[in-house]
Amino acid sequence: MLPLVLYDVLSELPGNNWSANPAKPRFVLSYKDLPFVTLWVEYSDIHIAMKSIGAKPIKRRDGSDVCTVPVLSDPNTGALVTDSLEIVSYLEKTYPEKPIFPNNSEAPIRAFDSAHMSLILPGLEPMFPRTIGILSPASAKFFIGTCSGNVPLPLDVNRDADWKLLEKGYNTLYEWYQKTDGKWIMGDTFSYADIIVACWLLTYKRVLKEDDEWARISSWNGGKWAQVLADVEKECKLV
Ligand SMILES: N[C@@H](CCC(=O)N[C@@H](CS)C(=O)NCC(=O)O)C(=O)O
């Protein structure tokens, strides 16, 4: 089998990886024991680089087309897939061993993906200034440009109201986890839902100040979030 190719976003962090959306297919590839290589793309070059390989664009809020990462190229089938959720859906159909949508759960996990995003999105603003800090100067400038329509400037990591919103989101997510008997969202059954949760936690851990802002998130809900990240990384053989 030829290695699959995953396009991810470059950073100045050791080991590069930081971005939640490309992390999701990376966790799935590793969980399914599929061989893959990662090609790192400068944030400011994503659109042009992905367009040049023929990746499908998505619509920005203003209606314009933009090519994003992650993109997956599978030389075994010739497939070129854009969007983290579509990539993992493709991987599940093409390589069904070690399912990440067990018991026919793709539809409810798609709904969970949206619900989880609505929980955390209102509180994500502290991430933006820290993200700028891990990108190259050209990508940082580009990133500020893409943020400016969506979040109030100047970017600030310490707005109490943002942290309260993020904590509120995680309190709700904690309640969902408390509804099951096992350690996963579906009880004893591991699934892509847990990977979604873990990949955002990974982004906080990598992008935020580890002994300060990540320590704050880790302290919520009795240390639940550092534990979920560690459990999912172990399940996906990434530690
Ligand atoms: N829904 C998409 C979102 C992808 C996305 O927003 N990717 C960002 C990097 S994490 C990107 O490529 N941005 C490029 C740009 O805004 O120009 C997914 O899950 O793959």
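Glu86 is partly exposed, with a relative accessible area of 35%. In this predicted model, the Glu86 side chain forms a salt bridge with Arg110, and the closest N and O atoms of the pair are 3.1 Å apart. Since Glu86 belongs to helix H3 (residues 84-94) and Arg110 to helix H4 (residues 106-120), the pair ties together parts that are 24 residues apart in sequence. Arg110 also counts as partly exposed, at 27% relative accessibility.

**Salt bridges**

Side chains of opposite charge can pair when their charged atoms come close. The structure holds 11 salt bridges, and three of them are set out below.

| Pair | Closest N to O distance |
|---|---|
| Lys237 and Asp33 | 2.8 Å |
| Glu86 and Arg110 | 3.1 Å |

The salt bridge of Lys237 with Asp33 has its closest N and O atoms 2.8 Å apart. Lys237 lies in the segment that follows helix H10 (224-235), while Asp33 sits in the loop between helix H1 (20-31) and strand S2 (36-41), so this pair ties together parts that are 204 residues apart in sequence. With a relative accessibility of 39%, Lys237 counts as partly exposed.

**Domains and their contact**

The domain assignment divides the chain into domain 1 (4-94) and domain 2 (102-235). Taken over C-alpha atoms, the centres of domain 1 and domain 2 are separated by 19 Å, and the contact takes 28 residues from domain 1 and 27 residues from domain 2. About 2500 Å² of area is buried between the two domains, with carbon and sulfur atoms giving 62% of that area. The count of salt bridges between domain 1 and domain 2 is one.

From the UniProt record, an unreviewed entry, comes the feature "domain: GST N-terminal" at residues 9-99. In the model, the span of residues 9-99 is 33% helix and 21% strand, and its end C-alpha atoms lie 26 Å apart.

**The nonpolar core**

The largest nonpolar core has 74 residues, and those with the most contacts inside it are Leu91, Tyr170, Tyr192, Ile195, Tyr204 and Trp225. Helix H8 (residues 192-207) gives the most to this core, contributing 12 residues. Because domain 1 (4-94) and domain 2 (102-235) both give residues to the core, it lies between them.

Which residues does Tyr204 touch, not counting those up to four places away in sequence? The partners of Tyr204 are Ile120, Leu124, Met127, Leu166, Tyr170, Trp214 and Ile217; Tyr170 in this list is itself named among the core residues with the most contacts.

**Ser218 in helix H9**

Ser218 is part of helix H9, which covers residues 210-219. Its relative accessibility is 16%, so Ser218 counts as buried, a class that requires a value under 20%. Leaving aside the neighbours within four places in sequence, Ser218 is in contact with Gly223 and Ala226.

Note on methods
Residues numbered from 1 in each chain as written. Predicted model: local features only at pLDDT ≥ 70, side-chain atom pairs only at ≥ 80, totals over all residues. Heavy atoms only, no water. Core = buried A, V, L, I, M, F, W, Y, C linked by side-chain atoms within 4.5 Å. Buried < 20%, exposed > 50% of the residue type's maximum accessible area, 1.4 Å probe, protein only. Helix = DSSP H or I, 4+ residues; strand = E, 2+ residues; numbered from the N terminus. Domains from an automatic or database assignment. Contact = heavy atoms within 4.5 Å. Salt bridge = Lys/Arg side-chain N within 4 Å of Asp/Glu carboxyl O. UniProt positions renumbered as here; feature names shortened; annotations may be inferred. Buried area = accessible area lost by both parts, 1.4 Å probe.
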